[in-house]
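Hi there,

I'm passing a structure on to you, together with some notes on what turned up in it. Have a look at it first, and then read on.

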Amino acid sequence: MATRPYEQRARAEESEKTRRRIICTVLDQLEESPAEPISIGNVAKESGVARSTVYAIFGSRSGLLDQVARELEDRSGLPELIEAGNEPDVRDYIRKGFRLASSISATNREAFRALRSMAQVDGEPAGKTFGRMEQQRAEAMHDIAARLDEEGLLREGLSRVEAENMLWVLTSFDSFESLYAGKGMALEDVGEHLIAMAERLLYAEPYDG
């Protein structure tokens, strides 16, 4: 007897719930024990499924880690941040970008930490995902520095490359974390502080926009 459509939907929904539960189990482990390698056996046990179920859904340990890494990439908010680059005035984009980045970093602190831990502990494929995210950020900083330079907004003596490097440091998760967690600064103040630093370091003249 052929499987009825509603039965197929129910099975697909249950499979998706199981997939999500397994991914969440791995994320929980990364947050609680970031230096501990991911074990399919432990993940299966904590998820309440058989090892064969994990392999049936993800294919391999590498496939599981790839899906976990992509989940963290989706949470990063980086695509949304890059989209903010449509602002016609690059200085408005910088302000908007820092505020958005601070909010994203605060919301996803544990996710970012977990992704970095995965990259350090497991290398592949988390390392590829982390590297891809950093490459996107590097390209965005390159474009911003180029726009500032082309529009004559950089302070005298500051090269495009130097501006790019400054933006790279200021937009890093470490810069956010050092102010938010290290200094105990309020979230709304972190973005404004980074904006002020960037404008003082980069601009030839104060921006009052």
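Which residues of helix α10 are buried? Please keep in mind that this is a predicted model. Helix α10 covers residues 173–182, and its buried residues are Phe173, Ser175, Phe176, Glu177 and Leu179. After α10 comes Gly184, which has a positive phi, near 70°.

Next, a pair of helices. Two packed helices are described by the angle between their axes and the distance between the axes. Helix α3 spans residues 51–58 and helix α4 spans residues 61–75; their axes come within 8 Å and cross at roughly 65°. Angles of 65 to 115 degrees count as roughly perpendicular, and α3 and α4 are therefore roughly perpendicular to each other. The crossing of α3 past α4 is left-handed. On the α3 side, Val54, Tyr55 and Phe58 take part, and they meet Arg61, Gly63, Leu64 and Gln67 of α4. Sorted by type, the residues of this contact are four nonpolar, two polar and one charged.

Finally, find Ser47 in helix α2, which runs over residues 40–47. Is Ser47 buried or exposed? Its relative accessibility is 5%, and buried means under 20%, so Ser47 counts as buried. Setting aside neighbours within four places in sequence, Ser47 is in contact with Arg21, Ile22 and Thr25.

Enjoy exploring!

Best wishes

Key. Residues are numbered from 1 along each chain as its sequence is written. This is a predicted model: local features need pLDDT of at least 70, side-chain atom pairs count only at pLDDT 80 or more; totals for chains, interfaces and linings use all residues. Side-chain values use heavy atoms; hydrogens and water are left out. Helices (H or I, at least four residues) and strands (E, at least two) are DSSP runs, numbered from the N terminus. Buried means under 20% relative accessible area, exposed over 50%, partly exposed in between (1.4 Å probe, protein chains only). Contact means heavy atoms within 4.5 Å. Axes are lines fitted to C-alpha atoms, for helices over the stretch in contact, and angles run from 0 to 180 degrees between N-to-C directions. Angles under 35 degrees count as roughly parallel, over 145 as roughly antiparallel, 65 to 115 as roughly perpendicular and the rest as oblique. A crossing is left-handed if the near helix is turned anticlockwise from the far one by less than a right angle, and right-handed if clockwise. Ala, Val, Leu, Ile, Met, Phe, Trp, Tyr, Cys and Pro count as nonpolar, Asp, Glu, Lys and Arg as charged, and the others, Gly among them, as polar.
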